[in-house]
Amino acid sequence: MNRTRPLRLLFAVNVDWFFISHRLPIALVALEQGYEVHIATELTDYKKLLEEAGVVVHEVPFGRGSSNMVGAFLSFIRICAVIRKVRPDIVHLVTIKPVLLGGLAARLLRVPAKVSAISGLGFVFVNRGFSSLVRRVPIRFLYGLALRHPNASIVFQNDSDRQKVVSMARMAQEQARMIRGSGVDLNQFSARSTLNNEAPVVMMAARLLKDKGVTEFVEAARLLGESGARFVLVGDVDLGNPASLSASDLAKLKVEGDVEVWGYQADMANVLAQASIFVLPSYYREGLPKVLLEAAACGKPVITTDEPGCRDAVLPGTSGLLVPSRNASALAEAIRKLLADPKQSLAMGAAGRKWVEAEHDINVVVAKHLAIYEELLNKIAER
């Protein structure tokens with residue numbers, strides 16, 4: 001390996017805002033350690049921020065939410081062009097399309113080392129429609145092609161995804177690594193008490209996707225209309241995802257008034273501080289929802305579904321409650337239980353904070369990723 005230049009690390013991520021929220025801390029530490037860091041991603045509004053951080057940006061439109069084969073092929077050609085230009089020593093592929101397309105490109109172009117991050121299996125593995133069932137067949141095949149590499153690690157956030165993908169891709173067990181979540185900045189997300197005389201706030205924060213459980217949250221708010229609590233929905237539509245609410249759906253929610261619609265909020269630490277109870281009734285194939293860990297870090301009891309990823313982000317009965325997915329009545333009953341016992345809610349919130357401190361500190365998560373890079377790069381040096 002050529003050591004006359006800095007080691008080159010190339011991230012491939014579906015869209016820039018996801019990289020900012022979930023992987024930028026890794027890039028910043030890599031830069032501090034002397035890596036030359038590049039990113040291939042679809043751009044929205046964050047190119048300047050990334051460049052100011054020292055990351056070299058390459059625009060690759062991955063076409064989130066699109067199953068168009070022509071578009072996928074063009075994305076594959078673009079990521080191949082970026083790899084040829086950058087000549088990375090290691091690629092770190094995040095989210096489904098970059099993992100699949102970037103993984104194939106890395107094999108074809110003989111990238112020396114590869115890390116693939118499986119942060120949930122997404123819409124195709126959740127949707128029950130016939131088209132999604134059909135699409136799973138080629139995607140399973142592509143996972144097998146994309147993940148196999150002589151010098152690679154595949155990072156999972158929960159055991160369910162690890163078992164499914166290891167079997168589906170027929171990959172070596174020793175290549176599978178477990179890093180539970182993207183980590184939480186414990187200084188930014190700090191615990192604050194909400195036991196006061198004001199109306200309790202039951203909050204859901206997520207992209208406004210149907211499979212994130214928005215419909216169930218709104219229905220639970222209707223069922224608990226006489227509870228005296230405020231139900232707050234934080235987030236915006238994501239029209240690049242086929243499960244997104246439409247702009248008219250969002251307007252209807254605002255008119256109906258069962259929930260307060262706060263829209264997208266940049267300062268989630270201060271937003272979460274206003275919650276009494278945090279709810280994420282998702283049945284999306286989550287990796288490990290970062291927002292659940294951030295809410296726990298803020299000392300909030302959480303209610304989420306007994307689904308892969310979500311169940312891994314709560315200590316049932318200790319830091320929060322699990323409910324069945326797609327069940328607004330069960331969700332309402334769990335919310336009712338915590339509203340009726342504010343002291344139990346505070347105790348759960350305190351337990352959640354301690355757990356996140358012990359298991360999900362962002363500094364620990366970043367160090368684990370850099371250690372994987374070093375291990376893979378050392379294997380190259382030994383050849």
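Reader: Which side chains does a polar contact of 3.4 Å join?

Author: Those of Ser-116 and Lys-114. A polar contact is a pair of N or O atoms within 3.5 Å; within protein, one must be able to donate a hydrogen and the other to accept it, and residues adjacent in sequence count only if both atoms are side-chain atoms. A word on the source: this is a predicted model, where local features need pLDDT of at least 70, side-chain atom pairs count only at pLDDT 80 or more, and totals for chains, interfaces and linings use all residues. Residues are numbered from 1 along each chain as its sequence is written, and side-chain values use heavy atoms, with hydrogens and water left out.

Reader: Where is the place of Ser-116?

Author: Ser-116 lies in strand 5 (residues 113-118). Strands (E, at least two residues) and helices (H or I, at least four) are DSSP runs, numbered from the N terminus.

Reader: Is Ser-116 buried or exposed?

Author: Buried means under 20% relative accessible area, exposed over 50%, and partly exposed in between (1.4 Å probe, protein chains only). With a relative accessible area of 0%, Ser-116 is buried.

Reader: Leaving aside neighbours within four places in sequence, which residues is Ser-116 in contact with?

Author: Contact means heavy atoms within 4.5 Å. With those neighbours set aside, Ser-116 touches Leu-93, Val-99, Leu-147, Ser-153, Ile-154 and Val-155.

Reader: Now the charged pairs, please. How many salt bridges are there?

Author: A salt bridge is a side-chain nitrogen of Lys or Arg within 4 Å of a carboxyl oxygen of Asp or Glu. By this rule, the count is 16. One of them pairs Arg-162 with Asp-159, at 3.8 Å from N to O.

Reader: How many residues apart are Arg-162 and Asp-159 in helix 7?

Author: They are 3 residues apart in helix 7 (residues 159-169), so about one helical turn separates them. Arg-162 is partly exposed at 22% relative accessibility, and Asp-159 is partly exposed at 31%.

Reader: Which pair links distant parts of the chain?

Author: Look at Arg-177 and Glu-375, a salt bridge whose closest N and O atoms are 2.6 Å apart. Arg-177 sits in strand 7 (residues 176-178) and Glu-375 in helix 14 (residues 362-382), 198 residues apart. Arg-177 is partly exposed, with a relative accessible area of 22%; Glu-375 is partly exposed at 32%.

Reader: Which residues are linked in a network of salt bridges?

Author: Glu-219, Arg-222, Lys-252, Glu-256 and Asp-258 form that network.
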